[in-house]
Amino acid sequence: MEMAGRIIKFEEEQREKAKRALKQRQEMQEKLMATVAISESEQLKRFEEFMELKQRQEYQSMRDMMDRETKESIGRQEKLKEEQRHRMKILNLRLREAEQQRMREAELERQRQAEGRERLRNLNTIQEEILQLNQLLEPSTQTKTSLPPASLSSYSTRGNQLCSQVSEVVRKTAEGEFPSVEDMTVAQRALHEMRALIRLMQEEVAKAQEKKKKEQEDEEQRRKQVELQVQQEAQKKAQAQSAKEKAQRKGLQNSAEDGTLKWYKELQASAAQCAQSFEQLNSPKDNQTKKLKLELQKAATIPVSQISSNSGSQLREIFDKIDKLLSGRAVVSGGKSVSTSQHPQSLDFVSYKLAEKFVKQGEEEVASHHEAAFPIAVVASGVWELHPRVGDLILAHLHKKCPYAVPHYPPMKDGTSVEEYQRILGYRVDDAGVEGQDSFLKRMSGMIRLYAAVIQLRWPYGSNQGSVPHGLNHGWRWLAQMLNMEPLADITATLLFDFLEVCGNALMKQYQSQFWKLILLLKEEYFPRIEAVTSSGQMGSVIRLKQFLEASLQSRQISPPKGQLSSVFWRS
């Protein structure tokens with residue numbers, strides 16, 4: 001029992017020791033844990049302080065870097081501002097220099113304009129004086145009797161050349177340019193030469209007048225003898241014409257005279273032969289020849305289309321261009337140089353197309369504007385005089401399109417269709433049918449008016465030495481043969497009126513009393529025949545012709561046609 005008690009007591013002591021030991025270990029553990037916790041807390045504080053320090057350092061580094069960048073940015077901005085101020089300074093200097101340059105140029109331009117206007121006024125004064133002096137060179141009644149024609153022609157030709165030189169300079173100013181110093185030199189030289197020309201002519205006129213004064217009595221006597229002979233010849237012609245008129249009153253022809261028909265057929269054969277001669281050029285196979293054909297056709301037809309009554313200088317330019325082309329010299333057309341020497345068939349082709357275009361202008365332009373006949377006719381007459389082949393082709397084309405210009409009334413042959421016969425008579429026939437009578441008469445009228453203008457005009461700048469290639473004698477022949485043929489309804493009255501309105505004044509001056517006998521025959525003998533074949537719906541042209549004949553016979557005068565080109569026109 002005692003052992004058991006001791007054992008129990010020992011066990012209790014051991015348990016107490018174990019508890020105390022455990023408690024001590026727990027306390028030590030707690031102390032250790034507290035120490036560790038304090039250590040950890042201190043370390044955490046140190047870490048936080050270290051991180052805070054590091055953040056402050058980074059923040060300070062960033063502040064330093066931003067300050068540096070700000071300073072650098074401000075430095076760059078200052079530098080840019082300085083560069084900008086420098087550029088602006090340079091720009092302002094350049095603008096100031098540009099403004100000063102502009103002002104200098106404006107001042108120079110004002111001076112140039114003032115000098116140009118002064119030169120232009122001087123040029124106009126020179127042109128006015130040279131034109132006035134050129135009028136003194138025109139053949140007057142006095143100079144015609146004082147100077148030989150060759151001398152007069154040489155003075156007139158040289159005067160016209162000098163006027164053309166000045167007109168060439170003036171033409172530049174019409175395009176908005178001022179004459180240059182060189183132009184003024186040319187104009188002044190022309191004026192000095194014109195003054196010298198006038199002095200020479202006056203000296204020659206004075207000498208010629210002295211010589212003429214000595215021969216005046218003999219000349220007057222010879223003139224009276226010539227006038228007597230002319231009167232006797234006129235009486236003989238009047239008697240012959242009266243006999244012919246009596247024969248005509250007995251019966252008129254239905255066709256042209258044999259000689260006229262032969263002439264008509266020869267012209268048509270010549271035109272056909274000409275067309276055949278340029279067959280290769282007219283139907284080209286290669287592109288180069290096609291291009292040449294087109295350029296030649298433009299060079300031939302465009303100048304004719306540009307003929308107008310604007311100014312004499314313009315007509316002269318057109319004539320010179322056509323003359324150059326027909327003479328084998330190069331001309332500029334559409335910005336390209338072209339010449340008839342580029343192909344062996346070029347000259348025939350150009351001549352044919354040129355003649356065709358002249359007639360077409362009569363058919364269209366003159367038909368619509370009657371006054372256009374004169375500028376077209378005077379150029380055609382000048383070309384005809386220098387290049388007779390073109391004149392024959394003009395007649396051939398005219399006769400083909402208007403057989404009444406022969407005059408010729410083609411008969412209808414066996415086997416000829418109605419449409420083909422109408423084409424032969426001059427009507428236009430296409431898929432839509434035959435053209436109306438008004439259109440037909442208008443075209444025929446235009447072509448007859450052109451023909452009537454051609455026969456009375458002559459190119460003023462030609463030599464005027466030889467005879468007119470197709471003059472008033474052909475107009476007299478045409479009128480006489482028309483009155484010797486049976487009239488046709490509508491067409492005869494229309495063409496007689498158009499022909500006499502354009503050419504009557506010239507025929508009256510040329511043939512005088514014989515002309516009035518023919519007009520009287522037309523009024524009394526031929527006009528009733530026209531009325532007899534004219535229906536009531538076709539009396540317009542008949543009435544116009546009747547009024548024209550009555551007014552002409554009553555006043556014994558036919559007024560010059562409207563649109564006739566005056567001497568003032570040729571100086572424009």
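Colleague: Why does Phe-47 count as partly exposed?

Modeller: In this predicted model, Phe-47 has 48% relative accessibility. Buried would need under 20% and exposed over 50%, with partly exposed in between, so Phe-47 counts as partly exposed.

Colleague: And where does Phe-47 lie?

Modeller: Phe-47 lies in helix H1, which covers residues 2-137. Overall, the protein has 18 helices and four strands.

Colleague: What makes the nonpolar patch on the surface, and how much accessible area does it have?

Modeller: Its members are Leu-44, Phe-47, Phe-50 and Met-51, with about 400 Å² of accessible area together. A patch residue needs over 30% relative accessible area; Phe-47, at 48%, passes that cut-off.

Colleague: Let's go inside. Which residues have the most contacts within the largest nonpolar core?

Modeller: Those are Phe-358, Val-379, Leu-496 and Phe-499, in a core of 99 residues. Helix H15, residues 491-511, gives the most to this core, with twelve residues. There is also a second, separate core of 21 residues, including Leu-123, Leu-131, Ala-187 and Ile-198.

Colleague: What does Phe-499 touch, leaving out residues up to four places away in sequence?

Modeller: Among its partners are Ile-448, Tyr-451, Ile-455, Trp-478 and Leu-507. Touching here means heavy atoms within 4.5 Å.

Colleague: How many of the contacts between residues at least 6 apart in sequence join residues at least 24 apart?

Modeller: That share is 77%.

How values were computed. Residues are numbered from 1 along each chain as its sequence is written. This is a predicted model: local features need pLDDT of at least 70, side-chain atom pairs count only at pLDDT 80 or more; totals for chains, interfaces and linings use all residues. Side-chain values use heavy atoms; hydrogens and water are left out. Helices (H or I, at least four residues) and strands (E, at least two) are DSSP runs, numbered from the N terminus. A nonpolar core is a set of buried Ala, Val, Leu, Ile, Met, Phe, Trp, Tyr and Cys residues joined through side-chain atoms within 4.5 Å. Buried means under 20% relative accessible area, exposed over 50%, partly exposed in between (1.4 Å probe, protein chains only). Patches are made of residues with over 30% relative accessible area and no salt bridge: like charges are joined within 9 Å, nonpolar side chains (Val, Leu, Ile, Met, Phe, Trp, Tyr) within 5 Å. Accessible areas come from the Shrake-Rupley method with a 1.4 Å probe; for residues, only the protein chains shown count as cover. A salt bridge is a side-chain nitrogen of Lys or Arg within 4 Å of a carboxyl oxygen of Asp or Glu.
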